[in-house]
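Okay, thanks everyone for coming.

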Amino acid sequence: MTYNANTPDNLSQQSFSSLMAQAPVAIAVLRGDDLVIELANSQILQIWGKDERVLGLPFIEGLPEIVGQPYVGLLQNVYTTGQPFYGTEAKVTLVRNNVPGIYYFNFVYQPLIGTAESPGGVMVVATEVTEQVLSRRKLEDAEERLRLATEATGLGTFDLDLQTGAVIYSPRLARIFGRDSAEQLSHSELRQIVLPIDMPIVIAAFDKALKTGIYFYEVRIAWRDGAVRWIRTNGNVVFGDDGIPQRMLGTTEDITEQKQVMDDLLKSEEKLRLATQAAELGTFDMDLINRHLVWDKRCRELFGMDEDSPVDYETSFLLGLHPDDLEKTDEAVNFAFDKARSNGEYDVEYRTIGLHDKKLRWVRAKGKVLFNEQDVRYRFIGAVLDITENKQNELRKNDFIAMASHELKTPLTSLKAYIQLLLAKALHTGDSFLLNALQKSENQINKMTNLIYGFLDMSKLESGKLVLEPTEFDMNALIQEVVADNRPIAQSHTITFERGRPIWITADREKIGQVINNFISNAVKYSPKETDIKIAVSQVDSGLKVSVTDSGIGIKAKDQQNIFQRFYRVEDESTKGFSGFGIGLYISAEIIQLHKGQIGVNSQEGEGAEFYFMLPMKPSL
Ligand code: ADP
C-alpha cells in the first residue's frame, strides 16, 4: 500500500500534526537526503527516549545510537526506491534515560513522495512489542526446558486435536513407535503400529477418555523390523466450555524392559511356587515395619491352622510353638534380627502344637532377615518344612543309643575296676609287660567310657534332659585335674598349663571338665607326636576364657563353621586315619550354650588350632 502521506490537500499542516500527535501509534516523518526529523509524535519520542529538541535534526544526529544498526540503511533505501519496508519484531538498541537497552518493534517505513514545496521522505510508524517478544521467549524457554525434561525421562509427548484429528508429537514419541524422529505420522498411522490384537484396548481407553477425561493404556506395538515393544500412554482430555472434547495431551513411554522384568519375576515366582509345593515347603513373609505377617497354606497347616484366619507373630507364631521350644525359637528370631551377630540368617528346629487340630509337629525353619542400607531390618522371609517323621525316627534312634549306652556302662565300669585291681597287683609284682599291657587296656577303657558317656549326653541333649548342676569352683584347679587325667593317655605330647591363683566361677563343674577334656583329647588326636599342647585361662570382659592350643593339622575356614554340629567330621586327606563320631564338639558347644557362654576356634589349615570357650562370671543359669 503506497499512499501520499504528504499533508493531504484537504488537511492543513496543523491538523495533520495534531492527528499524528493523537494517533495511538508512534509516528515520525523524516525528510530529505539527511532524513531530517520533521515530525515526531510524543509516542515515538518516548520510544526513542528523546524530546522535541530532536526536531529539525538529521535522523542520525537526533538518534546517534542508531548508527551501526541496519535501520539507517533501510530508511535510505525506502527513500531512494520509494518501496515501503515492513519490520516485524525488529530488535533495536535505544538509549532511554541514558541507559542503552534492547527493544523490539513492529514498524512500517512508508515512502513520502516529494512535492514542489517539500522533498520526499519516509514516514515511520512503529509499535513497541518488547514485552510480547520477551514473554514469548520466556514461554519458549519454558517449553524447551519441559521438552528436554520429558525427552530425558524417555517420555514422548503428543497433542491431538480432537476436532480435526491432527496430531503433533515430540521426536521421542516417533522413536518409541520405532520411527525416525523426523517422520510425520498421522493419528491413524500411529494406531496402525499397535498390534491388532491389542487395538481394542486402545479404542476402549480412548472412548473412556472422552467421557472421563483420563486416557491410559498399556499395549504392544510392532516396529518395522518386527520387534514387539510394550508402550504405556497417559493423557488428559481438554474440554471446551460447551463440554465438547477439544484436545488430548499426553505422554507415551516404552515399558518393554519393565514388562520383561515383571515377566521374569512372575516366572521365577511361579517356579519357586512349584518347587515349594513339590518339597511341601511352607513360606512366611513378615513386613517388619508394620509387623504384618503372611503365611501360605502349607505354613498354616504346619501350625495346625485354618486356611483363612489372620496371623500375627505373637499369637499365631509364638503361641503356636511347643512351650518348651518357645524361648529358644524367639531367641533364634532375635538372633537373626541382629545383623552384627547373624547377618540375618535364621535356622531353627521347633515343635508346634496345632492351634485348631492340637497336633504336635516338628518343623525346620530357615529364613533371612533383609536390611536396608542403613542396616534397618524391614522384611523377614523364609520357609518351613515338616520334619516330624525324621524327628521321630531320630528320637527312636536316640532312645536306642541311650539304652545301649546305658547297658554298656555297667559292664565297662566293672571291667575298669578289675583292670585297676590287676594294675595294682602288677605294680606290686613289678611285671613290666603286664603293667604296660594293663595300662594300655585302661587307656582303651577310658576312651570307650568317654565315647559311651558322649552318646548318653547326646541323647539327653536331644530329649532336652541334659540339665546343669552349677556349683562354685576354681577353674584353675579343674583344668589341672583334667590335665592330670589326660597325662597317661597323652604321653606322646607335652601338655603345658601354668596354674595361677584361683579363679572362682559358678558353672557345672563336671560338664565344663568334659568340654576341656574334649578339647585336650582332640588336640592330642589331631596333632603329631612330640608336639606341644598349651592350655591357658584368662579373664576377659565380664567372664573368663579357657583355650587349648595345638600345633596340629588345623582346620579349613569352611569346616570351622560346621565342626560344632552334630556328627560333623572333616573328611579329607588331612583327617584320613582318624576315627570318631563327630559328637564331641557338638556336645561341648551345647554345654557352653546352656551356660550362656561362647565357644569357638581360631585356626588355619596345617597350622594348628586354638579351641576356646568363654563363660560369663556371674551366669544366670
Ligand atoms: P570327632 O573328633 O569324634 O570326629 P569332634 O566333634 O570332637 O568329633 O570334632 C569334629 C571334627 O572337628 C573332627 O572330626 C575334626 O575334623 C575336627 N577337629 C576337632 N578338633 C580338632 C583339632 N584340634 N585340630 C584339627 N581338627 C579338629
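This is a predicted model: local features need pLDDT of at least 70, side-chain atom pairs count only at pLDDT 80 or more; totals for chains, interfaces and linings use all residues.

I'll start with the overall layout and then go through the strands and helices.

The protein is divided into five pieces: domain 1 at 13-135, domain 2 at 153-259, domain 3 at 279-386, domain 4 at 391-462 and domain 5 at 471-616. If you take the centres of domain 1 and domain 2 over C-alpha atoms, they're 52 Å apart.

Now, what does the record say? UniProt, in an unreviewed entry, puts "domain: PAS" at residues 142-213 and 268-340.

Residues 142-213 are 51% helix and 12% strand, with the end C-alpha atoms 25 Å apart. For residues 268-340 you get 53% helix and 14% strand, and the ends lie 31 Å apart. Residues 215-267 come out at 23% helix and 57% strand, with 30 Å between the end C-alpha atoms. And residues 346-399 are 22% helix and 56% strand, with the ends 29 Å apart.

Okay, on to the strands, and I'll begin with a hairpin. Strand β3, residues 85-96, pairs with strand β4, residues 99-112, in the antiparallel sense over 10 bridges. If you want a place to look, F85 has Y109 in β4 as its bridge partner. There are two residues between the strands of this hairpin, and N97 takes a positive phi near 50°.

Next, a sheet. Which strand order does it have? It's an open sheet of five strands, running β7-β6-β10-β9-β8, with antiparallel pairing. At the edges you find β7 (167-169) and β8 (214-222), and each of those pairs on one side only. On average, neighbouring strands here are turned by 20° against each other, ignoring direction. Inside that sheet, β8 and strand β9, residues 228-239, pair antiparallel over nine bridges, and F216 stands opposite N234 in β9. What packs on this sheet? That's helix α9, residues 256-278, which touches β8, β9 and β10 (245-254) and has a direction at about 120° to that of β9.

Zoom in on strand β20, residues 543-550, and strand β22, residues 609-616: they run antiparallel and eight bridges join them. One of the pairs to click on is D550 with its bridge partner A609 in β22.

The axes of helix α17, residues 509-525, and helix α19, residues 584-594, come within 9 Å and cross at roughly 145°. The crossing is left-handed. Which residues meet there? From α17 it's K511, I512, Q514, V515, N518, F519 and N522, and they meet G584, L585, I587, S588, I591 and I592 in α19. By type, the residues of that contact are seven nonpolar, five polar and one charged.

Terms used:
Residues are numbered from 1 along each chain as its sequence is written. Side-chain values use heavy atoms; hydrogens and water are left out. Helices (H or I, at least four residues) and strands (E, at least two) are DSSP runs, numbered from the N terminus. Domain bounds come from an automatic or database domain assignment. Axes are lines fitted to C-alpha atoms, for helices over the stretch in contact, and angles run from 0 to 180 degrees between N-to-C directions. A crossing is left-handed if the near helix is turned anticlockwise from the far one by less than a right angle, and right-handed if clockwise. Contact means heavy atoms within 4.5 Å. Ala, Val, Leu, Ile, Met, Phe, Trp, Tyr, Cys and Pro count as nonpolar, Asp, Glu, Lys and Arg as charged, and the others, Gly among them, as polar. UniProt positions are given in the numbering used here, feature names are shortened, and annotations may be inferred rather than shown by experiment. Two strands pair if DSSP finds at least two bridges between them.
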